Every structure is written in structure tokens, then in C-alpha cells.
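Grab a pencil and keep the viewer open. Here are a few exercises, each with a worked solution.

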Amino acid sequence: MLFDPRPKTSRAELFDREDELRTLDRFAERGDPLVLVLGIRRIGKTSLVRSFLSDWIGVYVDARGVRTRADLFRVVGEGLSFSQRVRRLLRGVRGVRVSASGVEIKWRGRDSISLAGLLHELGRSGKRVLVVFDEVQSLRPPISVEVREAIAYAYDNVSSVSVILSGSEVGLLRDFVGIDDPDSPLYGRYALEVEVKRFSHDLSVEFLREGFREEGVEVGRGIIEEAVAEFDGIVGWLVYFGRLYVDGMRDLGRIVEAAVETALRELRHLRRRERLVLRAIAEGARTWSSVRDYVEGVEGVTIPKASLTRTIKKLERLSIIRNYEFLDPVYERAAKRLGRGGGAS
Ligand SMILES: Nc1ncnc2c1ncn2[C@@H]1O[C@H](COP(=O)(O)OP(=O)(O)OP(=O)(O)O)[C@@H](O)[C@H]1O
Ligand SMILES: [Mg+2]
């Protein structure tokens with residue numbers, strides 16, 4: 001069902017994305033060691049990579065929310081449990097117990113196994129194994145270091161394992177990999193990139209029509225056009241709209257309102273100055289100096305040049321803005337509501 005809010009996991013469920021799947025299949029066939037799948041929030045990265053994996057021997061690891069080593073090995077264990085072919089590769093490996101209920105990993109103490117060790121074992125059969133780490137840019141040291149070092153180990157030593165990293169904070173994900181950073185173990189390697197793009201207007205309309213058809217709900221062309229104008233081809237929002245509409249919320253204004261509230265909750269996690277810069281841009285500041293004027297006017301203090309530039313760069317690395325424009329119209333609406341002084345109003 002297209003309006004299922006969970007990520008899609010099979011190619012049959014996936015709407016469009018043929019080009020992206022073809023590109024990923026080609027990389028996998030060639031055995032490219034490292035691929036990045038990049039795109040803003042709700043654009044369909046997880047659905048793309050999980051559906052792609054369904055035709056391969058694949059491991060999917062969701063790094064969102066991982067704080068400790070125990071968390072890390074729990075999600076890795078879950079990722080290894082999914083597929084029977086993967087479980088088979090791990091039978092008899094020291095530190096790993098494979099049973100009908102899944103894969104257990106001993107990650108500390110005697111007879112334990114490291115993440116690099118697991119990637120090594122996955123590669124031993126020589127069959128191509130694809131390992132996806134989703135949202136790794138959200139990891140913090142020392143976990144992020146351990147993951148990066150394991151990826152670098154696989155890159156250099158395990159030719160049959162390909163690693164795919166996907167994430168919504170595109171700049172932060174590139175920083176995580178650190179190809180240009182002499183201090184990164186992946187320094188000087190190369191990574192291929194696949195960008196997950198928003199649907200065109202026509203494709204968005206088709207997506208909604210198809211989704212409503214599946215649900216057996218009649219919807220006029222007018223509201224579909226209006227919804228596409230609001231949500232701008234961002235498939236996660238189209239699903240959000242479709243789901244709420246099907247469930248009985250027939251007022252587009254209310255649905256947009258609920259979406260904006262969701263975005264606002266995320267923006268409230270940002271620092272005060274970051275929120276203020278977003279608000280300046282949402283209010284129409286399109287240059288560095290107009291953002292500065294706005295922020296200084298609100299705060300009543302002078303802001304060092306480098307400090308403001310750093311804040312703007314950070315917001316770009318988070319994939320919220322680019323060139324003083326929001327990448328998602330829902331976040332732009334939300335940012336207008338970030339109160340003066342940065343609090344919520
Ligand atoms: N190609 C697609 N066809 C049908 N539904 C899709 C497609 N891509 C994404 N979706 C739906 O859109 C929503 C968001 O998708 P998904 O979670 O894959 O995006 P994401 O980019 O990983 O989001 P996030 O940044 O929040 O992790 C889900 O409801 C998913 O089912
Ligand atoms: Mg995702």
C-alpha cells in the first residue's frame with residue numbers, strides 16, 4: 001500500500017525509482033566498495049535502499065537512536081537476522097550465535113567479535129554482500145569512530161562486502177565519511193553518490209491518485225493539485241497527506257497544519273541562533289548580510305562574521321537550507337513560527 005507510513009521493503013511496493021535502483025544494482029554488480037545514498041528527510045531513502053537490498057544478500061542497519069555500543073550491536077544483530085542467506089554466512093563464527101529467532105552477537109569480553117570482524121566474516125564466502133548503515137551521521141564518538149574504522153577496514157580488506165551509507169543530513173554524512181579529511185581512516189578513498197530526488201509534479205499527482213485508488217477513496221483533481229503544491233514532491237509528506245485524508249481528515253489546511261507542527265517539533269531541537277537564522281530566511285532574508293541584520297536586530301548584539309557563517313553552514317549540512325532557501329516548504333512554514341529570541345511562539 002503506497003500510503004503505508006513505514007518504509008517500503010520490496011521493489012514491488014516501491015513507486016518509481018527505477019533509475020536509482022538501476023544505478024545501485026550496477027554499483028553492486030561492479031563491487032564498488034562504498035556508496036552514499038543522499039537526500040533530505042522523508043524523500044524515500046530508506047525505502048529505496050531496503051527495496052534495493054531485497055534482490056541481494058543484504059544487511060540493513062538503522063543507526064538512528066544508537067547511543068551506546070550495546071545499542072550498536074543490537075541494531076547490527078537485527079540487521080543480520082533479517083535474511084536467511086546472511087544468517088547462513090555467519091554459522092559457526094566465533095562470537096556469533098545463529099538460531100531460529102535471530103543472530104546474537106557477543107560484543108564484549110572473551111570470544112567477542114568486533115564490527116570489523118563481522119564484516120570480515122560476511123566477506124569470507126566471496127559472495128557479494130551489501131551492508132547498509134542508515135543515518136550513521138547521527139552517531140557520536142566513540143561509536144562513530146568504531147563504525148568508521150570498520151567501514152575503512154572493509155573498504156581495504158574485504159572486497160566482496162560493499163557498504164552503503166544513507167542519511168538525511170547530507171553534509172554531516174559526507175563529514176562522517178571524511179574522504180577529504182586527513183584524520184579519517186577513509187581519507188583519500190572514493191565513494192559514489194546517489195541522490196534521492198523529489199518527485200516531479202506529474203509523478204506526485206500520479207502517486208496520490210494511485211494511492212487513493214488502492215484505498216478505494218474518491219478524491220477530486222483539485223485537492224490533489226493543492227496537496228502537491230503544498231508538499232512539493234516529498235514522498236513522505238504525500239504519504240502523510242494521503243494517510244490522514246483516507247482516515248477521515250478531509251481538510252487540507254488541517255493536514256498541512258499537522259505536518260508543520262511535526263516539522264516544528266524537530267526544529268525546536270536546534271540551537272537558539274540556528275533557529276533565528278532559519279526564521280530570518282523564512283521571513284525572506286536571501287543574503288548573508290540580510291540574515292545578519294535580522295539576527296542582530298532581534299538579539300541586539302553584534303555577531304562575529306565567522307560565527308554567523310558557521311551557523312549558516314551547519315544548517316546547510318543538516319540539509320534544511322541551501323543558498324538561503326528551504327529545501328522543504330513545510331519546514332519553511334514551521335520556521336516562521338519559531339518565536340523571536342528563538343523560542344516557540
Ligand atoms: N518510492 C516510494 N514509493 C512509495 N512510498 C514511498 C516511496 N519512498 C518513500 N515512500 C514512503 O514515504 C515515507 C518516507 O519514506 P522513507 O522512510 O523511506 O524516507 P526517508 O528518506 O528514509 O525518511 P527519513 O529521512 O525520515 O529517514 C514512508 O511512508 C514510505 O513508505
Ligand atoms: Mg530513513
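**Exercise 1.** By class, how many nonpolar, polar and charged residues does the shell around ligand 1 have?

*Solution.* Bear in mind that this is a predicted model. Sort the shell by class and you get eight nonpolar, six polar and eight charged residues. Next, pick out who sits nearest: of the 22 residues around ligand 1, these are Phe 15, Gly 44, Thr 46, Ser 47 and Gly 236. Then look at the elements that give two or more residues to this shell, and you find helix 2 (45–53) and helix 10 (235–246).

**Exercise 2.** Work out where ligand 1 lies relative to the domains.

**Exercise 3.** Is Trp 288 buried, partly exposed or exposed?

*Solution.* First place the residue: Trp 288 belongs to helix 13 (residues 288–299). Now count neighbours. There are 13 other C-beta atoms within 10 Å, so Trp 288 is partly exposed; buried would take 20 or more, and exposed 12 or fewer. Finally, check Thr 309, 21 residues away along the chain: its C-alpha atom and that of Trp 288 are separated by 8.0 Å.

**Exercise 4.** Describe strand 2 and its pairing with strand 5.

*Solution.* Strand 2 (residues 57–62) is mostly covered, with five of its six residues buried. With strand 5 (residues 129–134), strand 2 forms a parallel pair over six bridges. Asp 62 faces Asp 134 of strand 5.

Terms used:
Residues numbered from 1 in each chain as written. Chains lettered and ligands numbered in written order. Predicted model: local features only at pLDDT ≥ 70, side-chain atom pairs only at ≥ 80, totals over all residues. Near = placed C-beta within 6 Å. Helix = DSSP H or I, 4+ residues; strand = E, 2+ residues; numbered from the N terminus. Nonpolar A, V, L, I, M, F, W, Y, C, P; charged D, E, K, R; others polar. Domains from an automatic or database assignment. Pairing = 2+ DSSP bridges.
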